[in-house]
Amino acid sequence: MRRAALVLSTALLGAALVAAQGPARQGGGGWRGRGTQIQPGEECPPGTTLVRVGQCQAPESPPPSIVDYRPKSTLVVEEHPVPKAKFPVVDIHSHTGPTPQTLDRLITEMDALNIRVLNNLSGGSGSELKQRVDYIRSTKYADRFTVFANGLDGFRDVEAGYGWKAAAQLGADVRNGAIGFKIFKQTGMDTLKKDGSRLKINDPELAPIWDTAARLNIPVIIHTGEPEEFFHQPDMHNERWLELALFPDRRQYLNKITFEELNTERNDLFRKHPKTRFISAHFGWHANNLGLAAKLLESSPNVVLELAAILYDLGRQPRAAHDFFVKYQDRVLFGKDTYAPTEFPYYWRVLETKDEYFDYYRDYHAFWKLYGMELPDSVLRKLYYQNALRVTPGLPQSGWPR
Ligand SMILES: [Zn+2]
């Protein structure tokens, strides 16, 4: 009651100020006049904001751009940064592998973060892949780095017979040391078949690849589509406006394909190959809709989710995310995508602590703050390594905590 009175008196004070300053505030410098009246349910026009019931007004100072506006939080609350994960971690979704120049640095960084295994999804295929594996095996850190194969020619110009050729290549790559197969996002979205049509990920021509993966007992990690907002106009209601404004290659709304179509084709693939284990990268882009993620897991027992680049969605719904991870604790793997030692601790903090309202590391993903999920140790162990070891038998299986 007292708060309502305060709000009302503040509003009246505001009105009095506007009245007192009167016409001097009009004209020039982007100032759009006294304001606009709106009806209940209406939105304020662009450039204005609601100042009291039914009344929109433009700020007197030119508003900062969303790139420049970085308010410092005044919230004082306990902070528990987590520089090192509580249990050893398999990063199933990396694109980094060691070279003679980077090996020692990588090991030092990984040890500090408690990353036990870095799995490079950009293994390539053929002799390129073999060279990568051979180099790893020649170092004294052969149990710290693993590689997934990428298949034949990036799935370009698929025609009759392609599937069997690609399956044979996968067999050779696994013999050369690949422990899984990675499908990049272009496949199923942009890549064209020989006849000029879009290659759908559930195209029957590709079936021999999935069946071969099942026979070889390796998982297929599949990146399908992009965040839902990339398929929508980058208007003032789009959560990813900044990202779409920064990166031309993410503007899926310019293409004909929809988010739903891509997911339907992917889910059809999962259902048609129940013996193949699929890792749906980036939580299948359903981290903003955990109900949909649950539906995917329920309908396809052969699917697990991997959480690269969706931390901002978990961290804004810590309670729902906590419950999801507890319920589906056998179906989630840790992955990060971009290898950046300074960024991993944000993941540990969201997953392990109950900290509140802390920064994320990249504004174009999320302009909001994160909260900790405080997952129990038993779930953290599964998420960090146990599930990865089960789904990917080619990972080093010994030396993990019991
Ligand atoms: Zn990736």
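**Notes on the predicted model**

1. Confidence. The mean pLDDT of the protein chain is 91, with 92% of its residues reaching 70 or more. Over residues 1–32, however, the pLDDT is below 50, and beyond near neighbours in sequence this stretch has 15 contacts in the model. This is a predicted model, and I would ask that the text say so wherever these residues are discussed.

2. Overall dimensions and content. The protein chain holds twelve helices and eleven strands, and its C-alpha atoms fill a box of roughly 80 × 50 × 40 Å when taken along the principal axes. Of its 402 residues, 39% count as buried.

3. The nonpolar core. The largest nonpolar core has 89 residues, and those with the most contacts inside it are Val90 and Ile310. The element that gives the most to this core is α12, which supplies seven residues. Leaving aside residues up to four places away in sequence, Ile310 touches His282, Phe283 and Ala287.

4. The parallel sheet. Strands β4, β5 and β6 form an open sheet of three strands in the order β4-β5-β6, and the pairing is parallel. The edge strands are β4 (89–94) and β6 (145–147), each of which pairs on one side only. Direction ignored, neighbouring strands of this sheet are turned by 20 degrees against each other on average. Helix α12 packs on the sheet, where it touches β4 and β5, and its direction makes about 70 degrees with that of β4. Strand β5 (residues 115–120) runs parallel to β6 and is joined to it by three bridges; within this pair of strands, Asn120 stands opposite Val147 in β6.

5. The antiparallel sheet. A further open sheet of three strands has the order β1-β3-β2, with antiparallel pairing. Because β1 (36–37) and β2 (49–52) stand at its edges with a single partner strand each, one side of each is left without a neighbour in the sheet. Two bridges join β1 to strand β3 (residues 55–57), and these two strands run antiparallel. Thr36 has Cys56, in β3, as its bridge partner.

6. Helix α10. Which residues of helix α10 (residues 318–327) are buried? They are Pro318, Ala321, His322, Phe324 and Phe325. These residues lie on the same side of α10, because they cover an arc of only 165 degrees around the axis.

7. From C-alpha to C-alpha, Asp235 and Gly35 are 22 Å apart in space, while in sequence they are 200 residues apart.

Technical notes
Residues are numbered from 1 along each chain as its sequence is written. This is a predicted model: local features need pLDDT of at least 70, side-chain atom pairs count only at pLDDT 80 or more; totals for chains, interfaces and linings use all residues. A residue is buried if 20 or more other C-beta atoms lie within 10 Å of its own, exposed if 12 or fewer, and partly exposed in between; C-beta atoms are placed from the backbone. Helices (H or I, at least four residues) and strands (E, at least two) are DSSP runs, numbered from the N terminus. The arc is that of the directions from the helix axis to the C-beta atoms. A nonpolar core is a set of buried Ala, Val, Leu, Ile, Met, Phe, Trp, Tyr and Cys residues joined through C-beta atoms within 7 Å. Two residues are in contact if their C-beta atoms, placed from the backbone, lie within 7 Å. Two strands pair if DSSP finds at least two bridges between them. Axes are lines fitted to C-alpha atoms, for helices over the stretch in contact, and angles run from 0 to 180 degrees between N-to-C directions. pLDDT is the predictor's confidence in each residue, from 0 to 100.
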